[in-house]
Amino acid sequence: MYKIILSFRYLLKRRISYLAFLAVALCVFIVVVVMTVMTGLVKDFKEKNHSFVGDCVVGTDSLVGFAYYEDFMKILEQSDFVEGVSAVIKSYALVSPRGTEQNVGLEIMGIEPVRHSQVTGFGGTLYYRKGDASRAFKPLYDPNLPGCVVGIDRVLARDAKGEYSYEASPMEIALSVSCFPLTAKGALAKAGTSIVNTMTFYYSDSSRSGLARVDSSLIYLPFEYAQLLCGMNGAEKRASVICIKFKPNVRLEDGCKKVASLWRIFVREKSSERRAELLENVTVQSWKDYRRAFIAAMEKEQAMIIVMFAFVGITTVFIIFVVFYMIISHKSKDIGILKSVGVSNVNLIELFSGFAFLVGLSGSVVGVLGGWLFLLKMNQIEDWLFEHFQFQLWDRTIYAIGDIPNAVDLKVLGCIIVSAVAACLIGAVIPSWQAARLNPAETLQVSQL
Amino acid sequence: MSRDEFILQAEGIYKSYRMGSAEVKVLKGVELAVKKGEFVAIVGASGSGKSTLLHILGALDKPDKGIVRFEGRDLGRYGNGELNKFRNKMVGFVFQFYHLLDELNVLENVFLPAMAGKSVVGWLGCRRRAKKRASQLLGEFGLAERANHKPYELSGGERQRVAIGRALMNEPKILLADEPTGNLDSATGNGILKVFEELNRAGQTIVMVSHDERIAQKAGRIITLTDGKIV
């Protein structure tokens, strides 16, 4: 019982204990804030990538695409684990506003908007036709014209708060889109002077996926037109990828395995067909693997942050070690007194470990609460700083980040508290052990006082 | 006299310390025997090894050579647990500088040995009895109204009486006092010695260390320690 009483009293009555407490609270505060923001950014980025492609992607990087995609889509639609499928044409094009000499190379995606919205978050990224993807390619000013959906950053600039100033209705812009149509063997489909296919599309809506690269370099076109532009509408129609959405109760890994299995069977069945060689280049990937190149960079940054905070943890252990070493140096008389009344070495270690536990627990709880409070108000603080000092954590005119992520993950908080308490216990191990080994006769000598 | 009549015996106690590269021999074959109910004063000049001998008798320190027997049993053969129990139950220490814990109040300081000897559950079972005993001791020493004060709020004499209360908390068989009046004025010191005399009259065995022969006169027997030996 004296261990509990003395642990609390050492914490409450010793100024040096406040230093240890503050060291823990500050470290925990920093870790909570940075980890929450970093984890939030990574999670948000992953969710946006997931929303962009659906759960699973069957496709090829080749600009030629692959044949018989419709047959495989039928197989997928008949299976019990797939909710929706959407074929996509992916290629590159030169895009120029009609009547100008300017042009820019952009990525094009040919989609069937309704199907694609059932599989991905496409419908939700639209502005004028939000939630009504069926009319995504029908310009408000003339629904009979072939429309195109343009990445928002190609149309509008972000303001300082990361918002776009949309017009009441889409501007009447005609875009000339030129592609090199390719044969199934990858050769240019046309020869002579007119080797490109060019079509004019009318700006019907903009898409805001939240992915900077997508919003700045992508243009959505109606599937059939894109197929035509890319030369994929031959006898064996071709597509670049099939995006798949699984039913809600299907685990991602299980769904992908099933798709891969179906695909292997499909490839075997089609092996004797024309253009079957194109199927060999097709891979089945989960959205995580398909977007790995983009996600990995963020995950790497997150891993680096975790490593950096491991060093912060080591620093905390060292601070606790120093503080405890000082505390125990000051408490050598108490150690002698306690031993003189029969307290064992183990009990002394327990006493100082209990003290370390209290410092760790109280410091981390205060650090977590402080961090939580700061996170709750962080966006308001940033707004205030921007209004008064033009300071922003990220320049919203450059980075596609809205509010700073501040959703606290209780599991992460739990891990941080446990780590902080463990750090304190580790920091207190050697001083506690040394305390237990002190010779009581020496600590109680007059010359030691 | 048979060995059983002695509560505490020291046979051929040697102890030395290192001071830098030099070895200082403090005790050079001390022989001592204390009978049950005796009040023994050990006197000697400063640095003669009185406190070292007292610490060895109370198992706070170990001799380099020699045997300390408590009720006939060699303390050197005690395990760590038994030594802790011995210090908790069998002996009570009173130090020159009181050595009270500043974080505990007077009452808590007195019942500290009772707490130290129990687990949390064991303490919950006996805490009322222990607190009652501690309050009773404080009452006997005229400190009943100081129970909730902190040690640093008391005078030297009051602190020493609290320390005596703590030493007596577990009703030890022997009380070891190291210069108990050394830090007090003579009137207050006399008050402390009176407490010791009363305790001894009630049957308490006391071994007291002092450099002052006048104070030692209060004891029933005086042992002089000179140059590390009893003379």
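Me: Which two strands of chain B form the hairpin, and what's in the turn?
Reply: E9(B) and E10(B) make it, with 2 residues between them. Asp227(B) sits in that turn and has a positive phi of about 50°. Keep in mind that this is a predicted model.

Me: OK, noted. How many bridges hold E9(B) and E10(B), and which way do the strands run?
Reply: There are 2 bridges, and the strands run antiparallel. Thr226(B) stands opposite Lys229(B) in E10(B).

Me: What about E3(B) and E9(B), parallel or antiparallel?
Reply: Parallel, with 4 bridges joining E3(B) to E9(B). One pair to click on is Ala41(B) and its bridge partner in E9(B), Ile222(B).

Me: How much of chain B is buried?
Reply: Buried residues make up 48% of its 231 residues. On secondary structure, chain B has 7 helices and 10 strands.

Me: Now chain A. How many helices and strands?
Reply: Chain A has 15 helices and 11 strands. The radius of gyration of chain A is 32 Å, well over the 22 Å from the globule rule for 449 residues, so chain A is more spread out than a compact globule. Along the principal axes, the C-alpha trace of chain A spans about 105 × 60 × 35 Å.

Me: What share of chain A counts as buried?
Reply: 40% of the 449 residues. As for contacts in chain A between residues at least 6 apart in sequence, 82% join residues at least 24 apart.

Me: I'm looking at H2(A) and H11(A). At what angle do they cross?
Reply: Roughly 175°, with the axes of H2(A) (15–53) and H11(A) (292–330) coming within 10 Å. That makes H2(A) roughly antiparallel to H11(A), because angles over 145 degrees count that way. The contact has 24 nonpolar, 4 polar and 2 charged residues.

Me: What's the story with E11(A), which residues are covered and which uncovered?
Reply: In E11(A), residues 283–286, Val284(A) and Ser286(A) are on the covered face, while Thr283(A) and Gln285(A) are on the uncovered one. E11(A) runs antiparallel to E1(A) (56–59), with 4 bridges joining them. Thr283(A) is the bridge partner of Gly59(A).

Me: Where do the chains meet, and how many residues does each give?
Reply: The contact takes 23 residues from chain B and 22 from chain A. H2 (80–90), H3 (106–116) and H4 (120–140) of chain B each supply at least two residues of the chain B side. H2(B) gives the largest share, 6 residues. By class, the chain B side divides into 11 nonpolar, 8 polar and 4 charged.

Me: And on chain A, how many residues of H12(A) are buried?
Reply: 8 of the 9 residues in H12(A), 332–340, are buried, including Lys333(A), Asp334(A) and Ile335(A). What they pack against is H13 (345–389), H14 (410–437) and H15 (440–443) of chain A, together with H2, E6 and H3 of chain B.

Me: What follows H12(A)?
Reply: Gly342(A), with a positive phi near 100°.

Note on methods
Residues are numbered from 1 along each chain as its sequence is written. Chains are lettered from A and ligands numbered from 1 in the order in which they are written. This is a predicted model: local features need pLDDT of at least 70, side-chain atom pairs count only at pLDDT 80 or more; totals for chains, interfaces and linings use all residues. Two residues are in contact if their C-beta atoms, placed from the backbone, lie within 7 Å. Ala, Val, Leu, Ile, Met, Phe, Trp, Tyr, Cys and Pro count as nonpolar, Asp, Glu, Lys and Arg as charged, and the others, Gly among them, as polar. A residue is buried if 20 or more other C-beta atoms lie within 10 Å of its own, exposed if 12 or fewer, and partly exposed in between; C-beta atoms are placed from the backbone. Two strands pair if DSSP finds at least two bridges between them. Axes are lines fitted to C-alpha atoms, for helices over the stretch in contact, and angles run from 0 to 180 degrees between N-to-C directions. Angles under 35 degrees count as roughly parallel, over 145 as roughly antiparallel, 65 to 115 as roughly perpendicular and the rest as oblique. The radius of gyration is taken over C-alpha atoms; the globule rule is 2.2 Å times the number of residues to the power 0.38.
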